Amino acid sequence: MEGESSAWLAGGPDGADRLARLIPVALRALAAGTAERGGPIPSGGPAAVAALATVGSAGVDRAGVAGDFSSSGSAHASDLSAPDPSPARDFSPPGSGLDSPVPGGTQPSLADDGRRTRPEHPENAAPPSGLPWQGVGAERALEELGTLLAAGAADPAEPACAAHLHCPPLAVAVAADVVASALNPSMDSWDQAPVASELERQFTTGIARLCYPRDERPDAVVTSGGTESNLLGLLLARETTGDALRPVCGANSHHSVARAAWLLGLPAPVVVSCVDDRMVPSALAEVLGTLGARAVVVATAGTTNTGRIDPLPEIAQICRRAGARLHVDAAYGGLALCSPALRGRVAGLELADSVALDLHKFGWQPVAAGLFAAREATDLRALTVRAEYLNADDDTEAGLPDLLGRSLHTSRRPDAFRMAVTVRALGVQGLGELVERCCANASALHELVQAHPDLRSWGPPELSTVVFRPKVADELPGAAGDELVARVRRTLMEEGTAVIGRGVLPTGGDGSPQRWLKLTLLHPHATEADYRPLLDAVAAVAAKSVVTQESPVAS
């Protein structure tokens, strides 16, 4: 393997030069695949995408050059893009030891100097399923698979891709991610991440102050997202309160709350009723009248279905009177804190014992970019764990930071780095302005829905989610209206026209559930004009679906 490092590694003295040669190849592949897709999502649905990926894995080069990912495609001559041709690189399949048989029953043999060598891969032996036996080189691999990925992607940078809390990442964050990936600090011990750990400490301290501006000892840690942050919220509550803890959440809460309770061996959450997709304070007070200090309440600042924010000041007051702990899932709405104009919508967040935030929603970061803030830094001591090789007592006593106690993970990426770069680039004010744009777009789109003759709105948005439904669905009997709504969404997706979300809300005549469409607007540079055709497309597909259903000869 002599010389392999100089040809392949991203780090070291020449690492930047090697990346500078490969990154343009990757970007060209991204552009080619995006142009090939030509819309927010590839058309044809799962079957078409599976066929596209199958063609790609068979090595059909989109520039017209045939290749073969599954056998022995030709490698480029460049030392950057081609694998080391020495026999030592002809590895056996994963799981084969040096003395294990290779495919076809042949054994490693001894060279004249006694070193083990590998025989050539037998022609009649298949490589491991889905894995190539020999490489095609870095440039070709990037060209082929990069183009394939982009051609088959759902692209959140397209305004019509608005189903989920799935943001288009900022270029500065993606570029910062390249730097972090090249250096590859692992955030489980200081000696693997000296500066990265200090940058993370500074950034998380700032996030803690953003959430808790008047508290003396807040702290924050990096997570993979709202699901992990909600798990931490319940975990720290259990460690503070004891095993008798009972989670309480609204009917509007994220599914991860129930999952966290299950993972921690806690009882299933007590579910509090909601009106207008917000927790009802009087219903919460009734529940806490029985549970008292044995409860941890999970409130929501930005529900998945509608973007609604629970009445946090009232909920905090009720929790305080009962002695219950309060965690707020603000994965969606928490970054409204960055905007003076919107900050009032999440008033009361600072009264929670802990808060979940996501910067891969409002924050425009590549996944994953979660954060967990605690009002009392001492609560995070529950994460402390000792491993002699990572955070030995004598090292921490000598002043080396203990990173292992900053996460549920051991090895983890320096995700705080790109978040810190982004905030340094834009400032808190700049992030807040992007949040404002998305919320303003949602308000404008809501007005368009209200004015549309064939659509009706569920209600005005509180953040950037617009919930609506074709009027024709309300004219159909029984479950037919809900079936129509689902069919409209799938049709637009399969045509490659749009990616629209769905949700169920208790809006039927007797409070029964009804299916609604939703647009979650996280593209800060899209405009009202970008979304108007999408509304017309929904109405047109709905009308066509009704006609097709009613026609006995339609097929």
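Visitor: Let's start with the overall picture. How many helices and strands does the protein chain have?

Guide: Remember as we go that the model is predicted. The protein chain contains 16 helices and 15 strands. Of its 555 residues, 49% are buried. The accessible surface comes to about 25800 Å², and carbon and sulfur atoms account for 56% of that.

Visitor: What share of the contacts with a separation of 6 or more joins residues 24 or more positions apart?

Guide: Such pairs make up 68% of those contacts in the protein chain.

Visitor: Now a strand, please. How do I read the directions of side chains in strand 13?

Guide: The general idea is that side chains in a regular strand alternate between the two faces of the sheet. In this structure, strand 13 covers residues 465-470. Thr465, Val467 and Arg469 point one way, while Val466, Phe468 and Pro470 point the other way.

Visitor: Which strands pair with strand 13?

Guide: Strand 12, residues 455-457, pairs with strand 13 in the antiparallel sense over 3 bridges. Among the bridge partners are Ser457 and Phe468, the latter in strand 13. Strand 15, residues 514-520, also pairs with strand 13 in the antiparallel sense, over 4 bridges. There, Val467 has Lys518 of strand 15 as its bridge partner.

Visitor: Let's turn to single residues. Is Arg325 buried or exposed?

Guide: The idea is to compare the relative accessible area with a cut-off: under 20% counts as buried. Arg325 has a value of 10%, so Arg325 is buried. This residue lies in strand 9, residues 325-329.

Visitor: What does Arg325 touch, beyond residues up to four places away in sequence?

Guide: Its contacts are Leu236, Ala237, Thr240, Ala295, Val296, Val297, Cys319, Asp353 and Asp379.

Visitor: And where is Ala293 found?

Guide: Ala293 sits in the loop between helix 9 (281-291) and strand 8 (295-300). With a relative accessible area of 45%, Ala293 is partly exposed. Leaving aside neighbours within four places in sequence, Ala293 is in contact with Thr241, Ala322, Gly323 and Ala324. Take Ala324: it is 31 residues from Ala293 along the chain, yet their C-alpha atoms are separated by 4.3 Å.

Visitor: Now for the spaces in the structure. Which residues are closest to the centre of the largest pocket?

Guide: That pocket holds about 1300 Å³ of space. Of the 40 residues lining the pocket, Ala26, Leu27, Leu30, Leu149 and Val174 are the closest to its centre. By class, the lining has 31 nonpolar, 5 polar and 4 charged residues.

Visitor: Which helices each supply at least two residues of that lining?

Guide: They are helix 1 (4-8), helix 2 (15-37), helix 4 (138-151) and helix 5 (171-183). Helix 2 gives the largest share, with 10 residues.

Visitor: How many cavities of 30 Å³ or more does a search of the whole structure find?

Guide: The search finds 5. The largest cavity has a volume of about 60 Å³. Among its 13 lining residues, Pro156, Cys161, Thr520, Leu522 and His523 are the closest to the centre. The lining of this largest cavity has 8 nonpolar, 4 polar and 1 charged residues.

Notes
Residues are numbered from 1 along each chain as its sequence is written. This is a predicted model: local features need pLDDT of at least 70, side-chain atom pairs count only at pLDDT 80 or more; totals for chains, interfaces and linings use all residues. Side-chain values use heavy atoms; hydrogens and water are left out. On a 1 Å grid over the protein atoms alone, a cavity is a set of points where a 1.4 Å probe fits but cannot get out, and a pocket is an open set with protein on both sides within 12 Å along at least five of seven lines; lining residues have an atom within 4 Å of a point. Grid points are joined across faces, edges and corners, and a volume is the space filled by probe spheres set on the points. Ala, Val, Leu, Ile, Met, Phe, Trp, Tyr, Cys and Pro count as nonpolar, Asp, Glu, Lys and Arg as charged, and the others, Gly among them, as polar. Buried means under 20% relative accessible area, exposed over 50%, partly exposed in between (1.4 Å probe, protein chains only). Contact means heavy atoms within 4.5 Å. Accessible areas come from the Shrake-Rupley method with a 1.4 Å probe; for residues, only the protein chains shown count as cover. Two strands pair if DSSP finds at least two bridges between them.
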